[in-house]
Each structure stands twice: as C-alpha cells, then as structure tokens.
Amino acid sequence: MFGLGMQEILVIALIILLLFGGKKIPELMKGLGKGVKSFKEGMNEVKDLTEDKKDEKKDE
C-alpha cells in the first residue's frame, strides 16, 4: 500500500493515536467516510454530465 511496510503503517497509526486520542479517532474516520462518499457522488455527477454531452453530440 503506497510502498509502505507494516512497520511504517504501525508507526503512523501510533502517531495518530497519540495526537488525537482514542475518543477522537472514530469521529475523524466518520468525517473521512463522509468526505469520500461526497467525492464519489461528485465524480458520478461529472461522469453523467459527460455522458449526456456525448449523447447530445451523437444525436446531431
């Protein structure tokens, strides 16, 4: 995963745990999940718009 080994991932996770504490991490992950969902919805809208434009050009 991104060229990181298991040791590097554990060190990063430990640093995040120390910085934010155990109670904040679920809130951060929830916010991250909402952000990813919103990004995917936006990408789907862009994809739909480009497909509509292609269909309009074919009809002409």
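Visitor: Is Ile12 buried, partly exposed or exposed?
Guide: Ile12 counts as partly exposed, at 41% relative accessibility. Buried means under 20% relative accessible area, exposed means over 50%, and partly exposed is in between, with a 1.4 Å probe and protein chains only.

Visitor: Where does Ile12 sit?
Guide: Ile12 is in helix α1. Helices are DSSP runs of H or I with at least four residues, strands are E runs of at least two, and both are numbered from the N terminus.

Visitor: What kind of model is this?
Guide: This is a predicted model: local features need pLDDT of at least 70, side-chain atom pairs count only at pLDDT 80 or more, and totals for chains, interfaces and linings use all residues. Residues are numbered from 1 along each chain as its sequence is written, and side-chain values use heavy atoms, leaving out hydrogens and water.

Visitor: How many helices and strands are there?
Guide: The protein chain has 2 helices and 0 strands.

Visitor: How far does α1 reach?
Guide: From first C-alpha to last, α1 reaches 21 Å with its 15 residues. That is close to the 21 Å expected at 1.5 Å a residue. The expected span is 1.5 Å times one less than the number of residues.

Visitor: What comes just after α1?
Guide: Gly21 does, with a positive phi of about 80°.

Visitor: What share of the chain is buried?
Guide: Of its 60 residues, 0% count as buried.

Visitor: Which residues make the nonpolar surface patch?
Guide: Among them are Phe2, Ile12, Leu19 and Met29. The patch covers about 1200 Å². Areas come from the Shrake-Rupley method with a 1.4 Å probe, and for residues only the protein chains shown count as cover. Patch residues have over 30% relative accessible area and no salt bridge; like charges are joined within 9 Å, nonpolar side chains (Val, Leu, Ile, Met, Phe, Trp, Tyr) within 5 Å.

Visitor: Which element gives the largest share of the nonpolar patch?
Guide: α1 does, with 6 residues.

Visitor: New topic. How many salt bridges are there?
Guide: A search of the whole structure finds 1 salt bridge. Lys24 pairs with Glu27, their closest N and O atoms being 3.7 Å apart. A salt bridge needs a side-chain nitrogen of Lys or Arg within 4 Å of a carboxyl oxygen of Asp or Glu.

Visitor: Is Glu27 buried or exposed?
Guide: Glu27 counts as exposed, at 52% relative accessibility. Lys24 is partly exposed, at 45%.
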